[in-house]
Amino acid sequence: MNPITAPTFEWLQLAPVLVVLVAGCIGIGVEALVPRRWRFLSQVVLFEIGIGIAFVLLVLSWIQPKNSLGLMVMGSISLDGPSYLMWGALLVFGLLSLLVFAERDLNNGATSFAASAASVPGSPAEAEATAARHEHTEVFPLALLSLSGMMVFVAANDLLTAFVALEVMSLPLYLLSGMARRRRLLSQEAALKYFLLGALSSAFFLFGVALVYGFAGSFDLARISDAIADPVYGRGLLYTGMAFIAVGLLFKIGAVPFHNWVPDVYVGAPTPVTGFMAICTKLAAVGATVRVLFVAFGAERWSWQPLLATVAVITMAVGVVVALTQTDMKRLLAYSSISHAGFILVAAVGATAGVTGQVNSFGSILFYLVAYGFATVAAFAIVTMVRNQAGEVHEIAGWAGLGRKNPLLAGIFAVLMLSFAGIPLTGGFIGKWAVFSAAWRGGYSWLVVAAVALSLVAAYVYLRVIVLMFFAEPAEGVTVGRASGMTWVPVALGALASAYLGLFPGPLLDLVTSASTFLR
């Protein structure tokens, strides 16, 4: 009879995740105990301190690799170089996104969130809550709880832990998507679509987990890899399970054909939430996907690489081509996000056997995500600033002549568009060069050629916006709102990072290359 082993929990090593989780739980307590007039300030201070402490603890743990690397929580969490890098990126982008959450100057002292999201749009109850200047300050703890789920998701070393983290990450986002102050029906429709499709994708993921468990007899990623190398049963369960797990993961990434939720949710959700989802959710989903593919299913590369290459090409093509026809700025950025998901998958396809292939692929993926993340947070922050009497101006035609009204803001947005397009001297160019190099070294030269061709087409999408801002007659009734530092900080950092990573990419490339090996 085997002795019962006491469970272990590495509190110090997991402190960054725990701090974010505890900050979210304290935020819920703030909603229940703190008077209404003090809740907003309390929540803002809480998330800033919480994420700041988590980042400091992450750095302190990272500089002591002897004690902080390895399998934690009885093998459920893998703390390795990729985990720490992704945790750091999630904390930085989470903080920048939440700063936009806290912007009030653009809405005459109110946030971008509805005064009473549970009320029927246009009802007396909603009008009464708006007149009383009620605020949904619980959006801050909801975002922190989602962020903690993302951090666990990217470091999960078994499929069951990954599923639990996936739900913790997703459920708050379903709520946040339906809380827009304006265009309430559209926001509620987006939340409902996101919830229904997200629940369906989670079901696919869980069913795939069950099938893979039936094949390997374990949820552990390393044991699944061992079972593939020395199978006891036929591979039918494995292939079917891999397919269902891929559906769940590719849905979160926003890859075609599981992308239909992206445009509607991005447009309907409050713009600060859209910015948070556009980078943090994508980063978490990509990190988890690459870990599962490399660690659990690495021995089956010959089976999933061609399929993933096909998905990458279709995703890039759909994102780029459909973006050409868009007249709504948020929808354009949504299809841009879809195309970028395809470019990221190009590097994942290029993974080859051995540590070198993993370093090349994951290092390039992370650099791309960082460059894309800074530009994305800044771009959606700028969207909140271009306004008319009805609120944010999402129609691209309304951005005409913005360069004459506010040359600084239009210039920053132009830099971000150039980075999205992958123009030289921007972070986006280095990111695309890195992922294309990884795929080329992995033997997928045809995929790189297709990606380069689609990048040229995508450049027109972004250059069209720049031309409209600087060379068209100014649109009437459109102004640039006076935003506080809560919005200008991510805008300024996004522009500076896009330029810096294009001019001096070496330090970040060295960092992501030196810490890109997965533990198993």
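Asp264 is partly exposed, with a relative accessible area of 24%, and in this predicted model its side chain meets that of Lys193 in a salt bridge, at 2.9 Å from N to O. Because Asp264 lies in helix 11 and Lys193 in helix 8, the pair ties together parts of the chain that are 71 residues apart in sequence. Lys193 likewise counts as partly exposed, at 29% relative accessibility.

The structure holds 6 salt bridges, and three of them are set out below.

| Asp264 | Lys193 | 2.9 Å |

Glu300 is buried, with a relative accessible area of 1%, whereas Arg235 counts as partly exposed at 28%.

Glu473 counts as exposed, at 57% relative accessibility, and Arg404 is partly exposed, with a relative accessible area of 49%. Salt bridges that share partners join Glu189, Lys193, Asp264 and Arg331 into one network.

Turning to the chain as a whole, 21 helices and 5 strands are found in it. Its C-alpha trace spans about 70 × 55 × 40 Å along the principal axes. For 520 residues, a compact globule would have a radius of gyration near 24 Å, and the 22 Å of this chain agrees with that. Of these 520 residues, 62% count as buried. Among contacts with a separation of 6 or more, 81% come from residues 24 or more positions apart. The chain exposes about 19,800 Å², of which carbon and sulfur atoms supply 70%.

Part of the surface is a nonpolar patch formed by Phe55, Val56, Val59, Leu60, Trp62, Ile63, Leu69 and Leu511, which together have about 670 Å² of accessible area. Helix 2 (residues 36-62) gives the most to this patch, with 5 residues. Ile63 is placed in the loop between helix 2 and helix 3 (65-68), and at 55% relative accessibility Ile63 counts as exposed.

Helix 18 and Thr487 turn the view to buried parts of the structure. Helix 18 (residues 427-441) has 15 residues and reaches 21 Å from its first C-alpha to its last, close to the 21 Å expected at 1.5 Å a residue. Because 11 of its 15 residues are buried, helix 18 is largely enclosed by the rest of the structure. The buried residues of helix 18 include Gly427, Ile430, Lys432, Val435 and Phe436. After helix 18 comes Gly443, whose phi is positive, near 90°.

Thr487, found in helix 20 (residues 485-503), counts as buried at 0% relative accessibility. Leaving aside residues up to four places away in sequence, Thr487 touches Glu103, Ala381, Thr384 and Met385.

Some features of the backbone also deserve a look. Most residues other than glycine have a negative phi, and most peptide bonds are trans. Val73, however, has a positive phi of about 50° although it is not a glycine. Val73 is placed in the loop between strand 1 (70-72) and strand 2 (77-79), and at 15% relative accessibility Val73 counts as buried. Arg183 too has a positive phi of about 50° without being a glycine. Arg183 is found in the loop between helix 7 (159-176) and helix 8 (184-216), and at 38% relative accessibility Arg183 counts as partly exposed. A cis peptide bond, with omega about 10°, joins Val256 and Pro257, and Pro257 is found in the loop between helix 10 (236-253) and helix 11 (261-268).

Notes
Residues numbered from 1 in each chain as written. Predicted model: local features only at pLDDT ≥ 70, side-chain atom pairs only at ≥ 80, totals over all residues. Heavy atoms only, no water. Patch = residues over 30% accessible without salt bridge, like charges linked within 9 Å, V, L, I, M, F, W, Y side chains within 5 Å. Areas by Shrake-Rupley, 256 points an atom, 1.4 Å probe, with all protein chains shown as cover. Salt bridge = Lys/Arg side-chain N within 4 Å of Asp/Glu carboxyl O. Helix = DSSP H or I, 4+ residues; strand = E, 2+ residues; numbered from the N terminus. Buried < 20%, exposed > 50% of the residue type's maximum accessible area, 1.4 Å probe, protein only. Contact = heavy atoms within 4.5 Å. Expected span 1.5 Å × (residues − 1). Rg over C-alpha atoms; globule rule 2.2 N^0.38 Å.
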